[in-house]
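User: Please take a close look at a single part of this structure and describe how it sits among the rest.

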Amino acid sequence: MLLGSAYDDIHIDNITASGSVTGTASEVGGIVGYMSENGIFNGINGNKISNVKFAGNITGKNYAGGIVGGLYRTDVTDFQVLESEISGSSPVGGAFGSVTYASITKGTIISTEVNGAGRRTGGIAGHSFNSNFSEVEFKGEVVSAEDSVGGAIGYAGGVTLTDVKAQAY
C-alpha cells in the first residue's frame, strides 16, 4: 500500500503496486487505505487518482478494495486491478470497498475474486453513495456470506452507472 490515509489535495498518478496487503482493522487498499477530501487542511484542488494498477491480495476487516478501501470526494480515472483476491468483512469491492461523493472513470477489474464475510460485496465497489461510475468493467468472482451482493456494486444509493459492465462467474 502506498498510503495508509490521505487527506486533501493528494494527487496520485502513474503508480503500479503488487503483492499482499493485510490489515486487521478497517480501510485496506492496494494503493490507499482511506482517501478523503474533507476540508481538514482547506484543500482547494481536490484529490485525484489516475493511471494506477494493482495485482495481488488484499485482506482487511472493513472497507477493503483493490485500489482504495474507503474513498470519499475523490476523482479516479484509468485504473486496473488484475488477477487479485480481495477479502474482508463489509464493505468489500474489487477496486473500492466504499465510494462516496466520487467520480470513477475508465477502469478494469479482471480475473479478480472478491470475498465478503459480511454484507455489501461487489465486483467494483462494496457500497457506493452519491457517486458516478463510467466505463468500468469487472470480470471475476463475487462471493459473500450475507446479503447485498452485486457484480458491479453490492449496495448503492444515489449512484449513476454509464457504460458499466459486470461479468461475474
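Analyst: What follows looks at one residue, then at the core and the sheet. The model is a predicted one.

The residue is Thr100, which lies in strand S11, a run covering residues 96-100. Thr100 counts as buried because its relative accessible area is 15%, and the cut-off for buried is under 20%. Once neighbours within four places in sequence are set aside, Thr100 has contacts with Leu71, Tyr72, Arg73, Phe129 and Ser131.

One of these partners, Leu71, is also among the residues with the most contacts inside the largest nonpolar core. That core has 36 residues, and Ile67, Phe79, Phe96 and Ile104 join Leu71 in the list of those with the most contacts inside it. Strand S11 supplies at least two residues of this core, as does each of several other strands, including S7 (68-72), S8 (74-82) and S12 (103-116).

Turning to the sheet, 5 strands make up an open arrangement with parallel pairing, in the order S3-S6-S10-S13-S16. Strands S3 (26-29) and S16 (149-150) are its edges, each pairing on one side only. S3 pairs with strand S6 (residues 62-65) in the parallel sense over 3 bridges, and Val28 stands opposite Ala64 in S6.

Terms used. Residues numbered from 1 in each chain as written. Predicted model: local features only at pLDDT ≥ 70, side-chain atom pairs only at ≥ 80, totals over all residues. Heavy atoms only, no water. Helix = DSSP H or I, 4+ residues; strand = E, 2+ residues; numbered from the N terminus. Buried < 20%, exposed > 50% of the residue type's maximum accessible area, 1.4 Å probe, protein only. Contact = heavy atoms within 4.5 Å. Pairing = 2+ DSSP bridges. Core = buried A, V, L, I, M, F, W, Y, C linked by side-chain atoms within 4.5 Å.
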